[in-house]
Amino acid sequence: MTSQAPGKGIGARLLRKEDARHLHGRAGFVGDISMPGLMEVAFLRSPLAHARIRRIGIPPELAGQVFTAADFGTAVKPIRTPNSTPGYKLSDFPALATGKVRMVGEPVAMCISPTRAEAEDLCQQVTLELEELPVVVDALRARQPDSALVHEEFGDNLFVTTVTDVRFEECAAGAEVVVRREFDLARVAMVPMEGKGALAWWDEGADQLVVCTSTQIPHPVRGGLATCLGMDESRIRVIAPDVGGGFGFKSMLQPEEVCLAWLALTRRHPVRWTEDVREHLLAAAKAREHHTVVTVHADRRGRILALDVEFTADIGAYSAWPVSAALEIVQARSNFPGAYVIPGYRCRTYAVATNKPPVKPYRGVARPGICLAMELTLDAVAHAVGREPAEVKLENLVPAAAMPYKSVTGMLYDSGDYPRCLGTAIEKIGLSQWRARQRAGEPDGRLVGVGFLTYIETTALGAARWAAMGIAVVPGPERATLRLGADASLEIRVGVKSHGQSLETTLAQIAHEILGIDPADISVVHGDTGITPYSIGTINSRSITMAGGAVSRTSQALAERIQRIGAHLLGCAPGEARLAGGAVQGPGAAVPIREIAQAWHARPQDLPPDIGGPELTEGYTSQVDSGAVGYGTHAVAVAVDPETGAVEILDYVVVEDCGTVVNPMVVDGQIVGGTAQGIGMALYEEMPYDIFGQPLASTLGDYLLPGAAEVPRIRIYHMEIPSPYTAHGIKGCGEGGALGAPGAIVGAINDALRPLGAELNATPATPRRILDAIRHSREGAKR
Amino acid sequence: MKPAAFHYVRPADTGAAVAALAAAGEARLLAGGQTLGPMLNLRLARPSLLVDIARIEALRRIERRASTLVIGACVTHAALEDRADSSPTGRLLAHVASGIAYRAIRNFGTIGGSLAHADPAADWITAMMLLDARLRIAGASGERSVPMVEFMKGAFTTDIGPAELLAGIEVEELSPQSSWGYYRVCRKVGEFPDAVGAVILDPERSMARVVVGALDGAPVQLPALAESVAAQGAGAAGLEAVSAAVAQAAPGLDPVELQTHAVAVRRAILQAVGK
């Protein structure tokens with residue numbers, strides 16, 4: 001067990017420890033749990049986008065089975081999400097609607113029954129009398145002073161606005177070329193394989209409320225529940241069991257979680273709610289939906305002198321806790337320059353309230369949209385100066401010699417070689433061959449095009465960065481608890497929540513790197529506030545950097561103790577002993593960890609004095625608080641059928657740098673998965689609403705997701721430039737795939753359409769949008 | 001998203017199924033359940049009784065009677081996809097079947113269920129219009145036969161009465177020299193098509209047929225276009241000519257829909273003439 005396991009540490013292509021239970025269907029999600037007396041919950045949801053609640057009619061025979069906000073009394077406070085950005089307005093998100101409903105799908109009442117079908121039967125017996133109010137659907141319209149109001153007390157529909165100006169006029173003055181574009185990014189759903197779900201009960205033995213919920217952030221959810229329910233945190237335990245994907249959707253406290261917790265508190269029997277796909281599409285939080293106006297001021301070679309941005313985010317009716325309604329715009333403001341040198345910068349942002357579900361930080365948060373806007377505008381700049389877009393982009397990237405680089409918005413880019421990244425992508429996709437093929441034309445009449453997008457991925461941001469975004473819950477030192485067993489097995493306890501990131505494998509690889517214990521003998525415990533140290537959770541591509549750093553630091557501390565015991569057993573000075581290959585090596589002999597572990601647990605008389613226990617917790621922060629900044633380039637070649645508007649991806653290259661790679665297969669999985677979601681945004685996914693705020697996609701028949709047939713083979717190339725500031729030089733990699741794909745694909749489509757004079761500046765690039773763009777350009781040419 | 005309560009019967013034969021339909025208030029037939037299942041879960045359909053006919057053996061057969069192929073209503077898409085029949089008719093049926101949704105759905109979904117549901121974007125209604133199929137409808141007083149052109153009355157509306165069921169489909173086999181084209185414009189694998197063009201050229205039987213499908217209602221034939229394609233081949237299938245024919249036969253399409261349907265028809269014609 002303590003023998004050295006070569007090739008299983010950092011950098012190894014180790015098969016995942018999680019695979020067996022998932023591939024055999026033996027994992028335990030919220031929906032898999034059975035408990036005696038468990039009742040299922042169905043929510044009655046608002047059919048209208050904006051209305052005053054006149055009456056909720058509950059048949060008297062359903063008493064005790066149907067609950068509304070009136071039943072809460074003063075026991076449940078609404079979810080309130082502060083943000084310290086000046087001018088930010090608070091919007092209370094009630095667990096069950098109170099007074100008004102502000103979106104279709106807002107929970108109004110909950111019904112409990114032994115089965116979900118019967119609970120849904122109960123919902124249908126409840127009558128809602130609603131008085132319709134004017135609906136706010138379009139964010140640009142909502143910004144107008146005469147718009148109807150989502151929150152009357154706001155006086156307008158703006159959660160918050162920001163204005164940034166860094167030497168803009170001064171830098172823009174010298175511009176020879178000015179290019180302006182307007183972009184519309186569709187609202188999308190996040191659609192994890194497992195929807196949201198929660199199961200709550202009162203644990204009489206522990207005198208605790210237990211909320212078992214499908215979440216990425218069990219510790220913050222505990223704090224949020226405590227606030228809403230007016231309880232001490234110590235009386236609440238939050239457990240995230242197996243979680244089937246989150247992508248940001250499960251990074252907030254949901255009203256339904258508060259409702260289930262209240263039911264368990266008051267009813268004292270277990271209750272469960274399982275979100276179904278229809279609820280997810282209609283009622284659950286959404287993402288994206290930006291309107292962005294970008295103006296680039298450049299010199300005659302296309303070098304950017306100044307960037308002017310107006311960014312409007314449709315945030316929906318409420319603020320997501322804890323990230324707040326400001327996250328989308330404050331991130332857009334600071335990240336817009338991306339990988340490029342921007343001397344002068346002006347940015348106005350608007351976080352707008354509408355009668356739609358709230359926007360949450362979906363994989364990449366604002367960045368997929370701002371990357372798309374930036375790259376497509378740079379394509380237009382290149383054409384305005386008559387140059388190859390890829391070359392213009394190359395010249396505008398932050399050069400490697402400038403690292404570490406402070407951006408115009410004050411962000412610190414820690415390391416890397418952005419031009420080499422794009423250059424490699426240009427070479428790997430074969431840009432010159434595609435240009436030759438474009439000149440020759442396609443035998444089938446289709447048009448081919450190539451698109452490039454270079455992104456930065458601001459991962460593992462620290463407390464100062466989060467605080468600067470005004471967010472109330474910020475990450476502190478990340479902790480890991482390590483417990484060496486008598487059999488020399490290792491248990492790692494972390495407060496992050498692996499919900500598809502393979503942390504049970506990669507954290508074991510990091511511990512193995514230091515301690516030499518075989519990953520097969522290392523278990524990772526995560527997602528349970530009762531038994532893991534506090535963490536803000538698995539968000540912002542931070543877990544491998546931060547929890548990995550914590551595991552690394554704690555492993556080193558444990559290794560020191562192991563070495564001390566080993567030296568003591570070997571009878572040598574501590575300085576003469578060294579942990580290597582799963583044993584402590586002394587000058588003449590070695591003692592395996594297993595023997596040390598046994599002595600530690602069972603033979604205290606053999607231990608050196610004051611050695612401490614075989615369990616310890618250490619905290620870790622990176623050397624800088626500004627995050628580990630990964631980056632990458634997506635290069636895409638597409639063929640567009642100008643008669644049908646169909647798009648086929650012919651080749652897809654990703655070149656990326658997430659610093660030291662802990663497990664290449666896991667990183668590749670992150671890239672492919674993120675790219676698949678980016679392909680969805682680029683070509684398929686869209687949650688439209690009619691003028692009454694009714695969602696027009698309520699099943700996966702209407703809301704198209706890319707499937708296996710729509711995701712091509714993605715050719716991935718890694719550059720491994722370690723971060724100078726993090727343990728082992730690791731940078732996060734969870735969001736890059738989703739950041740790169742939309743803009744690269746739409747850019748490639750525009751490249752293909754260029755001979756027709758057509759240009760698309762909206763997502764998704766549906767056949768209809770493409771055919772409309774072609775038609776409008778033809779009609780424009782005729783006029 | 002769980003169904004409301006319903007009763008369920010699994011009759012042994014067609015007669016018993018018809019009797020069960022006649023006896024119940026709001027009965028629905030259940031065949032493959034690939035559409036009805038989700039509709040029940042969404043509570044868009046709330047029948048008091050489900051009459052499960054999927055295992056009635058007589059409805060699951062494919063028989064050849066002289067030059068007529070008789071396909072039982074409960075034959076699955078997968079069964080038609082997998083059939084070893086290299087005749088033009090066999091290949092056409094297999095091609096159409098293979099394009100429907102995903103294999104998991106094709107394993108359960110039935111040709112009769114698809115026709116009886118009459119979703120305008122479904123493939124079988126267009127394919128059967130193309131093949132000029134006759135549909136056998138069973139009721140209390142026996143079976144009657146209806147040509148495809150009279151079967152579908154509009155979107156999700158057919159000639160099947162409340163106490164009747166679709167028992168089978170009769171297709172006249174194409175001659176060995178015939179050729180066909182079938183082109184769907186589709187957002188992604190597994191989706192319903194946005195437009196379908198379908199063409200048969202069977203000079204032996206002096207027959208040429210062009211159908212445009214995935215409209216607001218039933219698919220429509222384009223006889224004049226079919227005639228000129230039979231006479232002049234691909235030369236008659238310029239996009240403008242096809243577009244004009246589609247616009248006339250299916251008024252009310254917006255410019256994008258018209259273009260998409262015209263392209264589907266034109267590409268089906270080019271497939272059929274072998275270009």
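Helices here are DSSP runs of H or I with at least four residues, numbered from the N terminus. The two axes come within 7 Å and cross at roughly 40°. An axis is a line fitted to C-alpha atoms, for helices over the stretch in contact, and angles run from 0 to 180 degrees between N-to-C directions. α18(A) and α19(A) are therefore oblique to each other; that word covers what is left after under 35 degrees (roughly parallel), over 145 (roughly antiparallel) and 65 to 115 (roughly perpendicular). By class, their contact has 11 nonpolar, 9 polar and no charged residues. Ala, Val, Leu, Ile, Met, Phe, Trp, Tyr, Cys and Pro count as nonpolar, Asp, Glu, Lys and Arg as charged, and the others, Gly among them, as polar.

A quick word on what you're looking at: this is a predicted model, where local features need pLDDT of at least 70 and side-chain atom pairs count only at pLDDT 80 or more, while totals for chains, interfaces and linings use all residues. Residues are numbered from 1 along each chain as its sequence is written, and chains are lettered from A and ligands numbered from 1 in the order in which they are written.

Stay on α19 of chain A for a moment, and you'll find G747(A) there. G747(A) is buried, because 27 other C-beta atoms lie within 10 Å; the cut-off is 20 or more, with 12 or fewer for exposed and partly exposed in between, using C-beta atoms placed from the backbone. G747(A) touches E375(A), L376(A) and D379(A), among others, where a contact takes C-beta atoms within 7 Å.

Now for the nonpolar cores, meaning sets of buried Ala, Val, Leu, Ile, Met, Phe, Trp, Tyr and Cys residues joined through C-beta atoms within 7 Å. The largest has 251 residues, and those touching the most other members include L260(A) and I745(A). Helix α16 of chain A gives the most to this core, with 11 residues. Apart from it lies another core of 91 residues, including A97(B) and M152(B).

Finally, where do the chains meet? 17 residues of chain A are in contact with 16 residues of chain B. On the chain A side, α3 and α20 each give two or more residues.

Conventions: Contact = placed C-beta atoms within 7 Å. Lists of a residue's contacts leave out its neighbours within four places in sequence.
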